[in-house]
Amino acid sequence: MCCPPICARIRPFNFAPHPVSIGNLVEVDNVTFGYDQRAVLRQINLNVPKGKVVAIMGLSGCGKTTLLRLIGGSVRPQQGEVRVAGKVVNKLPADELYLLRRKMGMLFQFGALFTDMSVFDNVAFQMREHTNLPESVINDLVMMKLDAVGLRGAAHFMPSELSGGMARRVALARSIALDPKLMLYDEPFAGLDPISLGVIGQLIRRLNDSLGATSIIVTHDVAEALQIVDFVYFMSEGVVIARGTPDEIRASEETFVHQFVYGEADGPVAFDYPARDLREDMFAEAQ
Amino acid sequence: MHRVAGLLRRLGAHVTGMIWRLGFATRFFMLILKHSGTSFRRFHLTVREMYFSGVQSLIIIVVSGLFVGMVLGLQGYDTLVRYGSSEALGVLVALSLVRELGPVVAGLLFASRAGSAITAEIGLMKATEQLDAMEMMAVDPIARVVAPRFWAGVISMPLLAALFSAMGVFGGYLVGVRMIGVDEGSFWSQMEAAVDFEEDVLNGVIKSFVFGVAITWIAVFEGYDAPPTAEGVSGATTRTVVTASLWVLALDFILTALMFRGN
């Protein structure tokens, strides 16, 4: 049997319009985005208060990373506004967008370290590009950043010499090089062993609080994310279907959220990708 | 009828696609020029890339130049001796190299060695999100990554072509004078008298400069435009070598037609 799309069976969370708040660092207002004819995000509304760690969760391909790219200004929505620190990201000219990005840090899924530079040079990259600090000061700052992620001793390593968890921590040190006000994390826990996963989770929380920053984490790692975040948005097929504090999410009776949080095989998310009837595919040639 | 219509549709789509791509490549070229300031203000970035695309191409350029010159010496002597003009061997070797073989063969070798490396490096940087990371750090990848590589290639190419020609002349000397026994004085003096700096040497340098622009432009564009997959980067690298080689040969004909009008 062919399965109807998830969004047809899940009732989108009907949020009230979001008032512009001085307490929010990021405001996504009625944003729609798609590639060609395929809608990826549909009328998304969400706010990220200053100083908080907010997770955006959902299945792979539900539009989480696209949302992060919209906030970072890498792509522009077809409709709606994305505001960061009161500035409409999708209407900023390139030079102003670059100025805004100096106040942002982003941790990519696999680190995205510059492979032709050492760990030290990776962390020093932004400092050398955007400041006129003398090398001695840059040296001290880099060592402080690497110390914060516990990798001061690996400063002379090349990225190819690092394990996955270490590379993620170096990338984290690089992303906080200029003490950003907004941190964006794209699947920071993907592919890590349990120890590295816990270390990265604690680092995200600790750095957010010590830097006085605001963090947005895109992830589908429920257990780790719910331990460190203040608020969660759940997405499915381009719409926000639930939101709440970690405790509210754990106690949610929304079937999709319940299935996702507790990793249940049975629920609104079907195992099968929509397809024709099995008999049609198997006996197509004979017919 | 349907088959013909389908064929025409595919042909049309292919031609339209090529025109679009040429448009993108031209816009990309304009962006490189616009963001070239960094390459000269922070010249060490360009020098570093000159090491990778220029210095690391030295072995293949020097060895190829030497052997091409040696072959020219043998073939040239074999032809010239039939007309009793074996002393003109130096002229034949030098003019062939400076006018044609130096810029063209060095260009083809540069496209294969350095062009493919530039495409693969930029393509892999894109596939591993390094370019995205740079953009998110408010650093323009065209200014920081592409433009220094472009200018490094443009500066390196004429130097490599000159070195190729010099090694070729030396190879021709080794074979013609040292091995076969052509008079050394005639070899050098006839070469000095016949090779004109402006008509021959300078035009050769202009050719190699134009080839350098074409090859490096194709290499950086293919890398930047490569689909972020293993197959995409491999396809882009192949396209760089094929397209750049064909452009070198086509541009060589055009430049030759413009420069040497039967002199």
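**View 1. Four strands of chain A form an open sheet with antiparallel pairing, in the order β2-β1-β4-β5.** Strands are DSSP runs of E with at least two residues, helices are DSSP runs of H or I with at least four, and both are numbered from the N terminus. Two strands count as paired if DSSP finds at least two bridges between them. At the edges stand β2 (38-49) and β5 (87-88) of chain A, each pairing on one side only. Strand β4 (residues 79-84) of chain A runs antiparallel to β5(A), and two bridges join them. A:Arg83 is placed opposite A:Val88 of β5(A). The model is predicted: local features need pLDDT of at least 70 and side-chain atom pairs count only at pLDDT 80 or more, while totals for chains, interfaces and linings use all residues. Residues are numbered from 1 along each chain as its sequence is written, and chains are lettered from A and ligands numbered from 1 in the order in which they are written.

**View 2. An open sheet of six strands in chain A has the order β6-β7-β8-β3-β9-β10 and mixed pairing.** The edge strands β6 (104-107) and β10 (239-244) of chain A have a single partner strand each, so one side of each is without a neighbour in the sheet. From one strand to the next, the twist averages 20°. Five bridges link strand β3 (residues 53-58) and strand β8 (residues 214-219) of chain A in the parallel sense. A:Ala55 has A:Ile217 as its bridge partner in β8(A). Helix α6 (residues 164-175) of chain A lies across β6 and β7 (182-186) of chain A, and runs at about 170° to β6(A). Axes are lines fitted to C-alpha atoms, for helices over the stretch in contact, and angles between N-to-C directions run from 0 to 180 degrees.

**View 3. Strand β9 (residues 231-236) of chain A pairs with β10(A) in the antiparallel sense over five bridges.** A:Val232 stands opposite A:Gly244 of β10(A). Two residues lie between the strands of this hairpin, in which A:Glu237 takes a positive phi near 50°. Five of the six residues of β10(A) are buried, so this strand is largely enclosed by the rest of the structure. A residue is buried if 20 or more other C-beta atoms lie within 10 Å of its own, exposed if 12 or fewer and partly exposed in between, with C-beta atoms placed from the backbone. Of the 287 residues of chain A, 39% count as buried.

**View 4. The contact between the chains takes 14 residues from chain A and 10 residues from chain B.** Two residues are in contact if their C-beta atoms, placed from the backbone, lie within 7 Å. On the side of chain A that touches chain B, α3 (94-101), β6 and α4 (119-130) of chain A each supply at least two residues. The most comes from α4(A), with four residues. By class, this side of chain A has seven nonpolar, four polar and three charged residues. Nonpolar covers Ala, Val, Leu, Ile, Met, Phe, Trp, Tyr, Cys and Pro, charged covers Asp, Glu, Lys and Arg, and the others, Gly among them, are polar.

**View 5. Helix α4 (residues 58-80) and helix α7 (residues 141-180) of chain B pack at an angle of about 40°, with their axes 6 Å apart.** That makes α4(B) oblique to α7(B). Angles under 35 degrees count as roughly parallel, over 145 as roughly antiparallel, 65 to 115 as roughly perpendicular and the rest as oblique. The residues of the contact of α4(B) with α7(B) comprise 18 nonpolar, nine polar and no charged.
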